[in-house]
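Hi everyone, and thanks for coming along. Please have a look at the sequence and the 3D view while I talk, and stop me whenever a term is new to you.

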Amino acid sequence: MRAALAIRPDGTPDPAMFVEAGDTCSVTNSYGRSGRLSVQYSCQRAGKGELFTNADGNFTADGYEAIVISASTFPGDGDYDLTRRLVARRVGACPAGAAQG
């Protein structure tokens, strides 16, 4: 899968890098320094409930590699557990207006 994603002007990653489309998420903890990346999100999934996503990895000026774990125990039918390995590389400057939100 290919996606154009950017780092926001405040230095935080665009949540679209790590969370599921359609979830409403907020950052609960974030760290990015000296090549190390760690971000935790608390998300709400419509009709299901709360979901937690953690991304941990390494970055350079040219990209990043991270393990992203999303988990929840939704009520009723459906514990949710997803682990992904994401690898990204820089291909150029972000287009004007990208990752403003």
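The model is predicted, so local features need pLDDT of at least 70 and side-chain atom pairs count only at pLDDT 80 or more, while totals for chains, interfaces and linings use all residues. Residues are numbered from 1 along each chain as its sequence is written, and side-chain values use heavy atoms, with hydrogens and water left out.Now the whole chain. What pattern does the chain follow along the sequence? Reading along, we get β-β-β-β-β, with five strands and zero helices. Of the 101 residues in the chain, 32% are buried. The chain exposes about 6,800 Å², and carbon and sulfur atoms supply 51% of that area; such areas come from the Shrake-Rupley method with a 1.4 Å probe, and for residues only the protein chains shown count as cover.

Next, how the strands sit together. Two strands pair if DSSP finds at least two bridges between them. The five strands form an open sheet in the order β1-β2-β3-β4-β5, with antiparallel pairing. At the edges stand β1 (24-33) and β5 (79-89); each has a single partner strand, so one side of each is left without a neighbour in the sheet. From one strand to the next, the twist averages 10°, taken between axes that are lines fitted to C-alpha atoms, with angles from 0 to 180 degrees between N-to-C directions.

Let's follow β2, which covers residues 36-45. On one side, β2 pairs with β1 in the antiparallel sense over nine bridges. You can find G32 with its bridge partner L37 in β2, and N29 opposite Q40. The hairpin of β1 and β2 has two residues between the strands, and S34 there takes a positive phi near 50°. On to β3: 10 bridges join β2 to β3, and the two run antiparallel. Here Q44 stands opposite E50. This hairpin has three residues between the strands, and G47 takes a positive phi near 75°.

What about the nonpolar core? By that I mean a set of buried Ala, Val, Leu, Ile, Met, Phe, Trp, Tyr and Cys residues joined through side-chain atoms within 4.5 Å. The largest one has 15 residues, and those with the most contacts inside it are F18, L37, Y41 and Y64. The elements giving two or more residues to this core are β2, β3 (49-60), β4 and β5. The largest share, four residues, comes from β2. As background, nonpolar side chains tend to be buried together in soluble globular proteins.

Our opening stop is S38, in strand β2. Is S38 buried or exposed? S38 is buried, because its relative accessible area is 16%. A contact means heavy atoms within 4.5 Å, and, leaving aside residues up to four places away in sequence, S38 touches N29, S30, Y31, A55 and D56. There are polar contacts too, meaning pairs of N or O atoms within 3.5 Å; within protein, one must be able to donate a hydrogen and the other to accept it, and residues adjacent in sequence count only if both atoms are side-chain atoms. The side chain of S38 makes such a contact with the side chain of D56 at 2.7 Å, and another with the side chain of Q40 at 2.9 Å.

Now move to E65 in strand β4. E65 has a relative accessible area of 37%, which means that E65 is partly exposed. Which side chain does the side chain of E65 meet in a polar contact? That would be R85, at 2.9 Å. Not counting residues up to four places away in sequence, E65 touches D56, G57, N58, R85, L86 and V87. The C-alpha atoms of E65 and A88 are separated by 6.4 Å, although these residues are 23 apart along the chain.

I69 counts as partly exposed because its relative accessibility is 37%. Again setting aside residues up to four places away in sequence, I69 touches F52, T53, N54, D81, L82 and T83. Between the C-alpha atoms of I69 and F52, 17 residues apart along the chain, the separation is 8.1 Å.

Key:
Buried means under 20% relative accessible area, exposed over 50%, partly exposed in between (1.4 Å probe, protein chains only).
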